[in-house]
Amino acid sequence: MLFLSTEWIEVASTALQDSAAFQRAAARTKFAFLVRTTNTPDWAQEATLRVNRGTISLTPGRQSRTDATGIATYEDWLAMLRHELHPRTAALTGRLHGRGGLRVLRQHKLIDAMLDVLRTIPVEG
């Protein structure tokens, strides 16, 4: 499956909604995060994760205002999903940047739970 394709976003949204661990992490959280890529293939699109006290959605594109934005190359996002690159390492080396870094740090348990779920979805390069 191609990362950030319409199909991947639909599968990832369902996986996040069905994950008991992610549900627990999202239960009392209100947070919106935009995933952006550079060196983006034609099929890839931005995606917005929105968590509102247990209500979870992952949708294509930028969906209104977000609390944080993560920007990395398409290849670096794939490396993070494949456990080849830790997000903290990516941030410290400038490979992952954006806005809302303090908010992301406060939501690290939610982000870790999200990545655990997303890593269960096979992605093609």
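Partly exposed describes a residue whose relative accessible area falls between the buried limit of under 20% and the exposed limit of over 50%. In this predicted model, R103 has 24% relative accessibility and therefore counts as partly exposed. The side chain of R103 meets that of D67 in a salt bridge, with an N to O distance of 3.3 Å. Since R103 belongs to helix 5 (residues 101-106) and D67 to the loop between strand 3 (55-60) and strand 4 (68-73), the pair ties together parts that are 36 residues apart in sequence. D67, at 28%, is likewise partly exposed.

This contact is one of five salt bridges in the structure. Another joins D76 and R95 at 2.6 Å, N to O; here helix 3 is tied to the loop between helix 4 (87-92) and strand 5 (97-99), across 19 residues of sequence. D76 is buried at 9%, whereas R95 is partly exposed at 39%. E46 and R36 also form a salt bridge, at 2.8 Å from N to O.

Turning to the aromatic side chains, the model contains four aromatic pairs. One of them is stacked: the ring centres of F31 and F33 lie 6.2 Å apart, with the planes at 20 degrees. Both partners are buried, F31 at 1% and F33 at 7%. W43 and Y74, by contrast, have their planes at 85 degrees and their centres 6.1 Å apart, so this pair is edge-to-face. It ties the loop between strand 1 (30-38) and strand 2 (47-52), where W43 lies, to helix 3 (residues 74-81), which holds Y74. W43 is partly exposed at 34%, while Y74 is buried at 2%. Together with F3 and W8, these two residues form one aromatic cluster.

Definitions and conventions. Residues numbered from 1 in each chain as written. Predicted model: local features only at pLDDT ≥ 70, side-chain atom pairs only at ≥ 80, totals over all residues. Heavy atoms only, no water. Phe/Tyr/Trp six-rings, centres within 6.5 Å; stacked < 30°, edge-to-face > 60°. Buried < 20%, exposed > 50% of the residue type's maximum accessible area, 1.4 Å probe, protein only. Helix = DSSP H or I, 4+ residues; strand = E, 2+ residues; numbered from the N terminus. Salt bridge = Lys/Arg side-chain N within 4 Å of Asp/Glu carboxyl O.
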